[in-house]
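Thanks for making the time this morning. Please have a look at the sequence and the structure on the screen, and then I will take you through a few parts of the fold.

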Amino acid sequence: MSNPQQLRYSKEHEWLSATEDGVATVGITEHAANALGDVVFAQLPEVGDTVTAGESCGELESTKSVSDLYAPVTGEIVAANQDVVDDPSLVNSAPFEGGWLFKVRISGEPDDLLSADEYTAFTAG
């Protein structure tokens, strides 16, 4: 399992892209997708919602369990991936591409996000 080097990661297994005009894309990692099993339902934050780093902002339901989705940063939701709502299996098949979850205009970024290498070491432990 490889974690793209250009992304940053949370200890709750979300990834965050570099910001473009203050907006970053968020998804869950391949590690999390594998641990969840087949995702069958996604409840994502809605455009206009404000999310707070470390707090629940939605959920993913799999054939195994229901898991909270945590915001890796604080900000306002500017897009939610309707493709994932319509076809939650994208989270499993393409967690770093088509399976992204939402885009957020960042107003506050925590200092505990991990690099790809740090995240790989964290999940290996």
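Before I describe the sheet, one term: two strands are said to pair when DSSP finds at least two bridges between them. Please also keep in mind that what you see is a predicted model.

With that in place, six strands form an open sheet, and reading across it the order is β1-β2-β3-β9-β8-β5, with antiparallel pairing. The edges are formed by β1, at residues 8-9, and β5, at residues 50-51, each of which pairs on one side only.

Let me turn to the largest pocket, which holds about 160 Å³ of space. Which element gives the most to its lining? That is α1, with four residues, and both α1, residues 30-36, and β7, residues 66-70, supply at least two residues each. The lining includes H31, A35 and L36, along with S67, D68 and L69, and by class it has six nonpolar, three polar and three charged residues.

Finally, K64, for which an unreviewed UniProt entry lists the modified residue N6-lipoyllysine. This lysine is found in the loop between β6, residues 56-62, and β7. Is K64 buried or exposed? Its relative accessible area is 60%, and because the cut-off for exposed is over 50%, K64 counts as exposed. Leaving aside neighbours within four places in sequence, K64 is in contact with N34, A35, L36 and G37.

Definitions and conventions. Residues are numbered from 1 along each chain as its sequence is written. This is a predicted model: local features need pLDDT of at least 70, side-chain atom pairs count only at pLDDT 80 or more; totals for chains, interfaces and linings use all residues. Side-chain values use heavy atoms; hydrogens and water are left out. On a 1 Å grid over the protein atoms alone, a cavity is a set of points where a 1.4 Å probe fits but cannot get out, and a pocket is an open set with protein on both sides within 12 Å along at least five of seven lines; lining residues have an atom within 4 Å of a point. Grid points are joined across faces, edges and corners, and a volume is the space filled by probe spheres set on the points. Ala, Val, Leu, Ile, Met, Phe, Trp, Tyr, Cys and Pro count as nonpolar, Asp, Glu, Lys and Arg as charged, and the others, Gly among them, as polar. UniProt positions are given in the numbering used here, feature names are shortened, and annotations may be inferred rather than shown by experiment. Buried means under 20% relative accessible area, exposed over 50%, partly exposed in between (1.4 Å probe, protein chains only). Contact means heavy atoms within 4.5 Å.
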